[in-house]
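Visitor: I would like to go through the labels used for this model. Please set each one against its definition.

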Amino acid sequence: MAKGGEENKRRATRRKGISTPAKPTGSGGSQRERDIVSDDQNGQNQNHQKDDRVPNVKSKLFSDIRQIDRQFGGSTPRVPTLYWLTGLLVFSFLSLATRLYKICEPTHIVWDETHFGKMGSWYINRTFFFDVHPPLGKMMIGLFGTMTGYDGSFTFSKPGIEYGDTEYVGMRALCAMCGSCVIPLSYDIVWELTHSLTAAVLAATLILLDTGTLILSQYILLDPLLLFFIMGSTHSYLKFYSYRASPFTLKWWVWLTCTGAMLACAISVKFVGLFVVLLVGLSTIKDLWDILGDLSQNMGYIVNHFLARVVLLIVLPVVLYMVFFAIHFQVLIKSGDGDGFYSTAFQSRLIGNRLHNASMPEAFAFGSVVTIKNSAVGGGYLHSHAHLYPEGVSVMQQQVTCYHHKDFNNEWIVMKPNQMPVPEDPVELIKHNDIIRLMHKPTLRTLHSHKERAPITSRHYQVTGYGFNGSGDANDFWRIEAIDGIDTHIGTVKTVFKLIHINRNCAVTQTTKKLPKWGYEQSEVSCNPHSTDHRSLWNIEEITDARLPNVSVAIYAPSFLQMFMESHKVMAQGNRGLKPKEDEVTSQPWQWPIDYRGQVFSGASYRVYLLGNPVIFWGNLVVLVVFSGVYIFNGMKKQRRCEELVEVKEYKEKTFSACLWLLLAWALHYLPFWTMGRVLYFHHYFPAFLFSTMFTAVVLDYLLKSLWFWFPRDVAWNLYHLGLGLVFSIAVYSFYLFHPLAYGMHGPLANNETSTMYGLKWLETWDI
Amino acid sequence: MESMSKVGGMQSGDGTPEKGDGASESAGTQGTSSSSRQKMLTVTAEIDLIQIVLFVVALVVRLPGLDHPRSVVFDELFFGKFAGHYIQKTFFFDMHPPLGKMIYALVGYWCGYNGKFAFDGIGKEYDASVPVWQMRLLPALSGCLLVPLVYQIILQMGCHQMTGVLGALLIICDNSLHVQSRFMLLESFIQLFCLVSLLSLLKFREKSYSPFSCEWWFWLTLMGITWAWATSIKYGGFFTGLFVFVLVMRDYWRMLSDKTLSDRQLFYHFFARVLMLVIVPVVLYVGVFYVHLSILTKSGPYDANMSSRFQASLEGGLAAITKGQPLEVAYGSQITLRRTHGKPCWLHSHNHTYPRWYDKGRGSSQQQQVTCYSFKDVNNWWLVKDPKSDSLVISSPPKAIRHGDIVQLLHGKTLRFLNSHNVGAAMSPMNQEVSTFIDYNFTNGRVEPHNLWKVDIFNRESDGDVWKIIQSQVRLVHVDSKQALKTSGKQLPEWGFHQLEVVTDALHAQNAAVWNVEEHRYTKSPDEKERDQDLTRAELIPTQPTQLGFFTKFWELQAKMLFSQHDANLDHRYGSSPLEWPLIEKNVAYWASEDTKYQIHLVGNPLLWCSGSAVVIMYCGTLSFYLLRRRRLLFDVSDDMWREFVTAGELLLGTYAANYVPYFVVDRTMFLHHYLPALPFMILLVAVFCEHIVKFVSNISPNYRWPKILVLLLMVLWTVLVLAAFTKYLDLCHGKTHLVAEKLQHLQWRESWDFIYPM
């Protein structure tokens with residue numbers, strides 16, 4: 001608290017005194033810039049002046065590090081130097097080369113290509129389908145296919161089927177190109193974070209040489225696209241952040257827009273993209289917090305900052321996301337095997353579906369035959385059949401249930417309370433508050449309720465089928481109560497109504513419960529005395545009445561927003577359904593960082609096995625542990641107020657904040673999986689892996705540079721280069737060892753002495 | 001706890017006419033100068049009468065009629081039953097740790113309960129042997145103790161005494177706390193320990209100026225002990241302790257910047273905290289299990305959850321069967337093979353074949369079915385045969401089978417070989433089918449047998465490379481395909497009698513592929529009939545019943561408790577999800593008399609719960625508001641008030657969230673009572689937030705008294721309404737009111753509450 005008070009006092013004085021424009025802090029710019037910036041946000045550096053004046057030998061030694069950075073990176077990091085540019089080009093070339101090498105192999109369908117290739121084909125054929133992922137990734141695959149001459153005719157029936165003459169290479173190559181962008185992006189991300197060329201090169205190298213990322217990028221999958229958009233979002237955000245000293249300039253706007261667009265794409269490929277949205281969101285909140293604390297600016301300025309972010313980081317992505325769905329609905333107009341997941345109204349717009357271009361009456365009258373559907377999500381049709389409620393459960397009358405499939409037992413005849421319908425009757429459309437009886441058409445029993453318990457939900461009354469062919473009693477009378485459109489007649493599909501029992505004043509409800517075996521596990525229907533329940537709302541779905549004029553069902557076609565909401569409900573349901581079964585071997589989050597088990601991509605003669613480069617994976621873990629130690633040690637030193645050089649302190653702060661940010665990104669992309677109950681796969685880890693590897697690069701760079709703190713100048717210089725060389729050569733050699741994982745393993749399995757992979761099965765759990 | 005009280009130096013009648021007896025302040029007031037004049041053998045006592053009065057009120061409200069209804073109420077079904085198991089020393093398996101049930105067992109034991117009452121179902125009447133009243137007294141008492149504890153905590157946080165009274169009253173007035181504490185359930189213990197943890201933290205912080213003093217040690221130790229105890233009752237009790245631990249460690253981290261402390265002193269501080277908050281709790285927790293396992297030595301109905309070797313270490317049960325069995329499996333052995341992990345089942349075959357065609361036109365081998373069967377059966381017996389010899393008889397001396405040996409397995413009843421081949425299995429077409437081989441002669445030639453299996457004992461490092469019964473965990477690797485025998489976890493349809501499917505899989509390292517021999521005997525005679533009879537006598541009798549070390553048992557039990565999927569059934573009638581708790585969208589029916597005229601339900605006090613949830617949101621809102629304003633150097637409240645406000649939020653909102661948020665990621669059936677450990681913290685937050693409002697109001701209008709009085713009046717009114725709501729819903733708590741339909745309708749605050757309506 002005392003510290004906070006002190007800080008406030010200082011900020012208050014600053015507010016009164018000179019109001020300098022906001023300075024980029026910790027950006028590690030030129031010497032001149034750093035001198036001005038000595039007063040940073042948290043006000044930790046009160047001793048700057050004193051320290052600067054103390055001549056210190058170590059200070060001079062530390063300049064070596066500066067020299068290394070300057071030699072390669074230049075003194076003004078904004079301007080890309082020749083070295084930086086060379087690095088970017090080299091890594092772009094190398095990543096393309098590694099990703100496109102042997103892109104045609106294997107010549108058969110690999111793993112999930114069977115899904116995503118198929119879905120790409122469906123876009124080309126414009127066939128509607130259902131998938132748990134949002135559409136962008138598959139649309140892109142479809143687009144790639146069209147661009148490279150694939151006609152969508154291949155069935156992608158199951159993994160291992162030969163492609164033959166199909167033009168599949170184009171799709172793979174374009175996916176691989178997206179996947180290749182990940183490496184130059186990581187190069188620039190680390191550069192933006194640290195302005196250390198060594199760290200940037202290390203990060204790019206390690207990601208380049210990881211076999212898992214390589215394999216994942218080479219096939220027709222969503223993952224190369226997802227990785228690309230995740231890295232793209234991160235990169236755009238950091239670029240945007242680097243312009244924070246000059247807000248509202250063109251570049252600032254461009255990168256902010258870019259961030260929003262990339263985020264939208266990431267989340268439109270797979271919902272895993274949500275984690276990068278979280279990352280950017282948290283960073284933005286922190287950023288806004290800093291801006292809010294800058295007392296030299298007035299509130300208008302802060303509101304502008306806030307609004308700019310709201311528009312470009314929230315509104316823009318939401319709009320783009322919906323645009324992708326709009327395209328999805330526009331493109332897919334033919335009936336396919338996903339229809340059944342969607343509602344009647346939704347299906348009516350699909351060419352080839354039974355409901356497409358169908359026609360039926362717009363309203364119904366006494367004497368019409370109707371089917372009645374519950375309006376709640378997952379509601380069924382009001383149903384009855386020639387079976388009684390069993391003795392001891394409820395009164396033994398005919399069962400009335402809710403059934404989810406179309407069936408002739410769903411048909412009811414609407415009747416007046418006191419007379420039987422005659423075909424010649426004049427048409428009398430049903431209105432709000434009309435009193436009706438409903439007769440079950442196949443069994444001729446009337447919908448009935450009375451003061452008896454419902455079979456399962458015992459606080460409700462029982463609903464039965466009673467009487468025969470119009471005979472019955474006063475408990476057969478129902479009032480139809482429309483929720484909206486009260487003044488007109490009750491229409492089909494769109495008008496929602498309740499059926500209120502006249503005597504008991506209760507509403508027919510589909511409860512959430514299922515009847516046991518005697519009720520064929522259909523849903524229970526009861527009469528609910530508390531009629532506010534949303535499960536007691538119904539609508540008419542189909543009408544058969546020769547007397548009424550037919551209109552096209554097309555008028556019920558849902559609006560875009562309705563389709564959008566419905567498809568999300570269906571997707572959520574699909575995702576919930578992906579539960580592992582007992583004894584099924586599923587991948588678990590703890591296995592991922594330790595590279596415990598991979599995923600077979602292709603068997604047979606050209607074997608591909610998705611497995612991370614174990615040296616890099618395990619190296620990441622070691623570095624994580626080492627960093628924790630170093631960080632805690634440094635934190636303790638700081639808590640104990642050990643004296644440190646300003647330069648060293650600044651350098652450490654900058655590096656540590658970069659490390660912590662990457663660590664946060666890793667955690668956000670990894671830890672949520674621990675809480676998920678659905679089926680998980682190893683490839684879910686790769687977004688997190690990229691962050692973890694960049695983190696490793698930054699930490700390694702820091703560790704190597706901190707040699708100067710411990711050793712004399714010459715020794716440190718030598719050790720630094722020795723260490724770097726060692727890291728690079730180990731990475732390259734490990735890639736050399738494990739490259740067959742990606743480029744095809746042939747011959748016997750690894751435990752056979754003649755195998756090319758002999759001795760490389762380091763864990764028993766690897767299937768190589 | 002109430003003897004350790006704090007003097008309330010403040011005036012209590014401060015405009016709030018809630019409790020008239022608050023004025024009776026008769027405490028010794030000389031505590032402040034005790035350091036200056038030290039008298040020998042002097043006891044300075046302070047008694048806070050308010051606290052005692054509150055406690056007495058709680059007792060009067062909570063205790064009467066504890067033994068009604070005299071029948072099993074809700075989870076008493078389990079906890080009462082398990083208490084009986086302790087008294088009978090019969091092993092049982094439960095996913096909650098044992099301490100809570102031990103407490104009930106101890107009380108029952110003292111009061112002469114023999115543990116023989118059969119807990120068959122909720123609503124069953126207790127017979128005279130069960131000391132119902134005594135066993136229910138303990139949770140009721142700990143429920144009452146919450147009242148003075150809450151009072152203490154509020155005072156310790158530096159709040160006004162009336163705030164303490166308010167908090168304590170609210171605790172008394174909550175229906176859910178009332179119901180939950182009146183039966184043999186575990187939540188009131190957890191609540192008690194959690195609150196003591198929090199109080200200890202506050203006291204410990206207060207004593208930080210005199211570290212390593214007796215009191216300092218006392219409160220530190222108490223924090224550790226209550227953490228361990230709360231965790232040993234239910235894992236839900238873990239989070240308060242964890243949160244308190246984090247706070248202690250953060251305080252320590254801040255202490256590092258105190259330059260007056262030497263590094264050595266800091267190390268001592270660190271060591272003391274780790275000792276008391278890590279090592280002691282772990283030892284206590286393990287100790288509870290040690291007692292648990294030392295008491296429960298006899299086998300019982302829950303054995304089947306555990307592995308064979310665990311079962312064999314219990315008296316009776318499997319130990320009785322396996323005693324006298326030969327230890328080492330040899331060529332000529334007759335064995336049953338049990339799946340080691342997961343729900344128990346045994347490798348099984350029977351005289352039925354796989355159907356010729358499956359649903360999708362895929363064909364089978366039409367060989368005899370091999371399944372995993374969950375019950376003991378004569379068809380679970382297999383004979384181990386040496387592929388190189390024709391004899392089924394044990395050689396003399398028996399030739400034990402070692403790791404890497406090749407065997408054939410013959411089904412005992414049908415004498416067919418265990419076989420696998422390149423045919424897709426029935427339910428998992430990606431895996432190979434396993435069958436017992438029939439020598440078919442199809443038109444395109446005979447099918448070839450592939451019936452050699454390699455024994456892969458993978459725990460040979462610890463248990464030796466000879467195949468032993470029970471101890472050795474083996475994988476049976478099919479020699480021709482190099483795949484391991486495993487259960488796929490899927491059930492066969494009707495033609496397979498709904499038994500579990502058995503397949504082979506290329507992936508060896510998985511739990512489903514681990515088997516162990518359970519029952520075992522040697523085949524002595526080549527004659528078939530004699531083989532069936534001459535079974536029991538054997539040489540090489542294991543000298544002793546299986547002895548398992550404590551830690552072996554402990555780890556197995558832990559793994560089973562924490563990681564096994566107990567009930568995938570997410571569709572309980574009274575189950576609810578965490579989002580439904582704060583506004584009580586679901587009740588839990590605890591008990592109903594047979595004619596359903598009398599019922600007991602767990603529901604919260606609706607007014608209190610709703611206001612509490614609103615306060616949680618209001619607190620967060622206010623905090624963000626202050627924070628944003630302070631960032632712009634606009635100070636709405638004084639530094640002292642701000643500090644109090646933040647500390648209260650950190651402690652109370654923190655503990656509340658720590659007890660509530662984790663349930664969002666739990667994937668099992670949950671009930672309203674899972675929310676109860678978080679509830680006292682919410683109530684504390686309500687009380688503290690009320691005080692903040694009063695202070696805030698009197699701060700912004702220092703010249704007028706009426707705004708403050710108005711606010712106070714509103715709060716009194718609100719408290720009276722809470723009290724009224726409490727009495728209204730009390731009918732659902734005692735099971736003594738005749739609940740006719742109209743009455744139930746009257747009490748039905750939410751449509752989603754599920755009462756049992758008489759018709």
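**Salt bridges, cores and the interface**

Guide: Over all chains, the structure holds 34 salt bridges. The model is predicted: local features need pLDDT of at least 70, side-chain atom pairs count only at pLDDT 80 or more, and totals for chains, interfaces and linings use all residues. Residues are numbered from 1 along each chain as its sequence is written, chains are lettered from A and ligands numbered from 1 in the order written, and side-chain values use heavy atoms, without hydrogens and water.

Visitor: What makes A:Lys138 and A:Asp131 a salt bridge?

Guide: A salt bridge needs a side-chain nitrogen of Lys or Arg within 4 Å of a carboxyl oxygen of Asp or Glu. For A:Lys138 and A:Asp131 the N to O value is 2.7 Å. The pair therefore qualifies.

Visitor: Why is B:Asp456 called buried, and what is B:Arg460 called?

Guide: Buried means under 20% relative accessible area, exposed over 50%, and partly exposed in between (1.4 Å probe, protein chains only). B:Asp456 has 12%, so this residue is buried. B:Arg460 has 33%, so this residue is partly exposed. The two form a salt bridge, with the closest N and O atoms 3.9 Å apart.

Visitor: How do you know that B:Lys486 and B:Asp505 are buried?

Guide: B:Lys486 has a relative accessible area of 5%. B:Asp505 has 13%. Both values are under 20%, so both residues are buried. Their side chains meet in a salt bridge at 3.4 Å, N to O.

Visitor: What makes a set of residues a nonpolar core?

Guide: The members are buried Ala, Val, Leu, Ile, Met, Phe, Trp, Tyr and Cys residues, joined through side-chain atoms within 4.5 Å. The largest such core has 161 residues. B:Phe91, B:Tyr590, B:Tyr656 and B:Leu684 touch the most other members. A second, separate core has 149 residues, A:Trp122 and A:Tyr685 among them.

Visitor: How do you know that chain B and chain A are in contact?

Guide: Contact means heavy atoms within 4.5 Å. By that test, 43 residues of chain B are in contact with 42 residues of chain A. The area buried between the chains is about 3,700 Å². That is the accessible area (1.4 Å probe) the two parts lose on being put together, summed over both.

Visitor: What makes A:Asp290 and B:Arg631 a salt bridge?

Guide: Their closest N and O atoms are 3.9 Å apart. That is within 4 Å, so the pair qualifies. The count between chain B and chain A is two salt bridges.
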